[in-house]
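Thanks for coming. I will take this one region by region and keep it brief.

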Amino acid sequence: RTGKLRDLGNLVQGEKYARSLCVDHRDRVWVGCGMRAHLFVIDPQSRDRRNVLPEMYADRANCHNVALNGSVVTVTIEHDGDMLIFDADSEELTGVVTCPEGAAWLTNTIGARPGEAYFHGFPNGDLYRYQIAERRLTTLAEGLGICDRVVDGRYVHGIFDQDYFLYDLQE
């Protein structure tokens with residue numbers, strides 16, 4: 001440990017907007033950035049980096065709310081509605097979750113069990129479970145607000161109208 005900060009440099013020439021990141025199970029860093037969408041996978045040791053976002057998304061807003069959910073990385077295309085699902089090993093786009101009616105976009109919610117991901121819709125505040133292998137999105141609760149995390153597959157912690165809430169999915 002050196003205590004020194006290593007600047008790994010600008011990811012996109014002319015764009016300085018790193019929006020969100022996560023670290024996968026192989027210690028690679030996934031960074032969503034740009035004023036237009038970019039999704040970089042970076043090896044901090046070798047400094048190798050590559051944009052893994054398919055070209056068809058390059059003209060969209062930005063990649064935001066990047067999260068590791070087991071063996072997949074989930075990424076919100078902000079203001080677009082799509083939640084992209086990437087295989088963390090192959091770095092390939094393996095699925096797209098279309099935003100359900102009533103939500104402008106989906107945002108990651110922390111706490112998913114292996115094989116699933118939780119999302120909440122904005123602005124509707126609905127909570128969803130996405131089963132990765134089945135590619136199935138299920139509404140768990142409606143109108144909760146900003147669902148930050150689900151604990152033990154049961155307790156939802158979040159914020160609604162600037163107040164904290166706790167919601168039990170089994171009651």
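Before the first region, a term: two strands count as paired if DSSP finds at least two bridges between them. Keep in mind that this is a predicted model.

Start with the hairpin. Strand 13, residues 146–151, and strand 14, residues 155–160, run antiparallel and are joined by five bridges. Within that pairing, arginine 149 of the model stands opposite histidine 157, which is in strand 14. Three residues separate the two strands of the hairpin. In the turn, aspartate 152 has a positive phi of about 60°.

Next, the nonpolar cores. The largest has 16 residues. Which of them have the most contacts inside it? They are Trp30, Leu39, Leu53, Val73 and Phe86. As for where the core residues come from, two or more are given by each of strand 3 (38–42), strand 5 (63–69), strand 6 (72–77) and strand 7 (83–87). Strand 6 gives the largest share, three residues.

There is also a second, separate core, with 12 residues. Val72, Met83, Val97 and Cys99 are among them.

Back to leucine 39 for its surroundings. With neighbours within four places in sequence set aside, the residues in contact with leucine 39 include Trp30, Leu53 and Phe86. The list for leucine 39 also has Val31, Gly32, Arg50, Asn51, Val52, Cys63, Val66 and Val75.

Now serine 20, which is found in strand 1, residues 18–23. Is serine 20 buried or exposed? Serine 20 counts as buried because its relative accessibility is 17%, and the cut-off for buried is under 20%. A polar atom of the serine 20 side chain lies 3.4 Å from the backbone nitrogen of asparagine 65. Again leaving out neighbours within four places in sequence, serine 20 is in contact with Trp30, Val31, Gly32, His64, Asn65 and Val66.

How much space lies in the second largest pocket? About 150 Å³. This pocket is lined by 13 residues, and the closest to its centre are Ala67, Asn108, Thr109, Ile110 and Asp148. At least two lining residues each come from strand 5, strand 9 (105–109) and strand 13. The largest share of the lining, five residues, is from strand 5.

Conventions: Residues numbered from 1 in each chain as written. Predicted model: local features only at pLDDT ≥ 70, side-chain atom pairs only at ≥ 80, totals over all residues. Heavy atoms only, no water. Helix = DSSP H or I, 4+ residues; strand = E, 2+ residues; numbered from the N terminus. Core = buried A, V, L, I, M, F, W, Y, C linked by side-chain atoms within 4.5 Å. Buried < 20%, exposed > 50% of the residue type's maximum accessible area, 1.4 Å probe, protein only. Contact = heavy atoms within 4.5 Å. Polar contact = N/O pair within 3.5 Å; in protein donor to acceptor, adjacent residues only side chain to side chain. 1 Å grid on protein atoms, 1.4 Å probe; cavity = no way out; pocket = protein on both sides within 12 Å on 5 of 7 lines; lining within 4 Å. Points joined across faces, edges and corners; volume = space filled by probe spheres on them.
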